Amino acid sequence: MTPQIAVIGGGAAGLAAARILTRDLPSCQITVLEQREALGGVWKYDKDKQQQQQQQQQQHPMYQNLRTNLPKEIMQFREYPWTHVDYEPGQPNSSFLTHRQVLQYLQNYAQQFGLESFIQFRAEVQQLTVLEGTPSIFQPSNETWPKIQLQWKEGNDSTTQSAIFDAVCICNGHYYKPAQPAIPGLQEFFHGEVLHSVSYNEPSSFAGKTILCIGGRASGSDIARELVTQGNAAHVYLSDSVCRQAQTTPNRVTIVPATTQFRPGGKVQFGADCPLEPTVDTVMFCTGYDYDFPFVQSSLVQADQRRVRPLYHQLWHAQYPNLAFIGLPHSVVPFPLFELQMEAFCSQLVNWRLGGLSERLVSAEKDASSGGVCRLRVPDDTHFLGDAQWDYCRQLAQFASLLQASEDDNGNDILNYIATNKAIYDHAGKARKSAIPGSVDAYKSLCYERNDSLQTFTSWSCEGSNTLQDVSACTGI
């Protein structure tokens, strides 16, 4: 009997899953269920966000002018290097690309490996059910892993379909359910526009306005820059929880501590020691997204407080390891991580060599209750990796039996590959953090060339200068 494996989602993680499955488990029948009409996931840009909002349709976080904050040399899949880019008019020929170029890369990847033939589009999964008592083909000698049934709506007429699978990979991403924390006084005292960055598209409608961006990580800082450099906003307050003292920049952006409350008259208060209490026209929550699996019963998976449980090694369902969650860790280099997770999943699926049930459950609970491997905020940072991602990648490579060979099938030494990713990631991160918030992103003019054999790289500026502005130009308040 042919093993049946389903992949939920046709974005970058889903495409990586389909590719690794067809390569490493060629005897299996693969089905990819994608709810939209085309592949690409979060990288498929929707132009008319306002119409989607009015019609209460699902919005997606991609915005018009977004460029990656990671260079293509580490974003690329390991077995599919980014060898050619069609640069757009006026775009610097750097390593930091537009969302259109990333989507084109994913389309080329799917074409190269014949993945689109496995994808059912407009297939929205409604229900995932574990069929206890119906054994999967995949299971270790001392356990019984059950088959999994999926039900989905298909096509414009929403016809209900269902099928039973021996394994399922959930690759539906984590950028679809906006997280918007409650702030005292917002509804009572603020009467301007309130939105989440998922609704943001381009900056022209914010001209002349004073805007509060709550959240100072990637989307918040990038949107703040766009609002002043391209949208001619009057002023932007960028509220960042790690800021301890307000700082003003030369670019009409003021970095302020966490927003604590709104006061009568619409005044905003930032932390106990911040003297500023401005009034603003618009409040934009750049506070990220919550994990969401509406098709999975809460008795099987709990997704709350930005954590998913019970997960074993951030990947396998602790009780049913033939159910995998690809791409949950954040603050990582995503595409290579998807590959390694899938390689580990495939290797262990046919020959489980990791912990037994009791060990997996204990490990999963420890991760969920203690904030994951980084032990930062509990439980919010369960899936935060950051600098811990490299050890995790090496661990996945070990699970996938990639460390036993000197090279993988594409000639990559996996340890050199991971080390080179780290070197470029650290360099780009340092350059990004040195830029003044609200200024032109000078670091996005950088180009990189890998040298995996030496675990290093070469970098240069495509604009003839590698000079990056320093955050010391900010003035404390």
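Reader: In which sense do strand β9 and β16 pair, and over how many bridges?
Author: This is a predicted model, in which local features need pLDDT of at least 70, side-chain atom pairs count only at pLDDT 80 or more, and totals for chains, interfaces and linings use all residues. Residues are numbered from 1 along each chain as its sequence is written, and side-chain values use heavy atoms, with hydrogens and water left out. Helices (H or I, at least four residues) and strands (E, at least two) are DSSP runs, numbered from the N terminus, and two strands pair if DSSP finds at least two bridges between them. Strand β9 covers residues 193–196, and its pairing with β16 is parallel, over four bridges.

Reader: Which residue of β16 is the bridge partner of His-196?
Author: His-196 bridges to a residue in β16. That partner is Phe-285.

Reader: What is the handedness of the crossover from β1 to β2?
Author: Strand β1 (residues 4–8) runs parallel to β2, joined by five bridges, with Gln-4 opposite Gln-29. The chain passes from β1 through helix α1 (residues 12–24) to β2. A crossover is right-handed if, with the strands pointing away from the viewer, the path from the first strand over the helix to the second runs clockwise. This β-α-β crossover is right-handed.

Reader: Which residue in β3 is the bridge partner of Leu-33?
Author: Strand β2 (residues 29–33) has four of its five residues buried. Two bridges join β2 to strand β3 (residues 119–120), and the two run parallel. In β3, the partner of Leu-33 is Gln-120.

Reader: How far apart are the end C-alpha atoms of helix α8?
Author: The expected span of a helix is 1.5 Å times one less than its number of residues. Helix α8 (residues 357–370) has 14 residues, so it should span 20 Å. The model agrees: the end C-alpha atoms are 20 Å apart.

Reader: What covers the buried residues of α8?
Author: The buried residues of α8 are Arg-360, Ala-364, Asp-367, Ala-368 and Ser-370. Contact means heavy atoms within 4.5 Å. The cover includes β19 (307–309) and β20 (311–312).

Reader: What covers the buried residues of α4?
Author: Helix α4 (residues 99–112) has buried residues including His-99, Leu-103, Leu-106 and Ala-110. An α-helix has 3.6 residues a turn, so residues three or four places apart point the same way. The cover of α4 includes α1, α3 (72–75) and α7.

Reader: How many aromatic pairs are there?
Author: Rings of Phe, Tyr and Trp (its six-membered ring) pair if their centres lie within 6.5 Å; planes under 30 degrees apart count as stacked, over 60 as edge-to-face and the rest as tilted. By this rule the count is 24 aromatic pairs.

Reader: How far apart in sequence are the parts tied together by Trp-145 and Trp-352?
Author: Trp-145 and Trp-352 are edge-to-face, 5.4 Å centre to centre with 85° between the planes. Trp-145 lies in the loop between β4 (123–135) and β5 (146–154), and Trp-352 in the loop between α7 (334–350) and α8. So the pair ties together parts of the chain whose separation is 207 residues.

Reader: Which residues does Ser-136 contact, leaving aside its neighbours within four places in sequence?
Author: Ser-136 is in the loop between β4 and β5. At 2% relative accessibility, Ser-136 counts as buried. Its contacts are Trp-145, Pro-146, Lys-147, Asp-166 and Asn-322.

Conventions:
Buried < 20%, exposed > 50% of the residue type's maximum accessible area, 1.4 Å probe, protein only.
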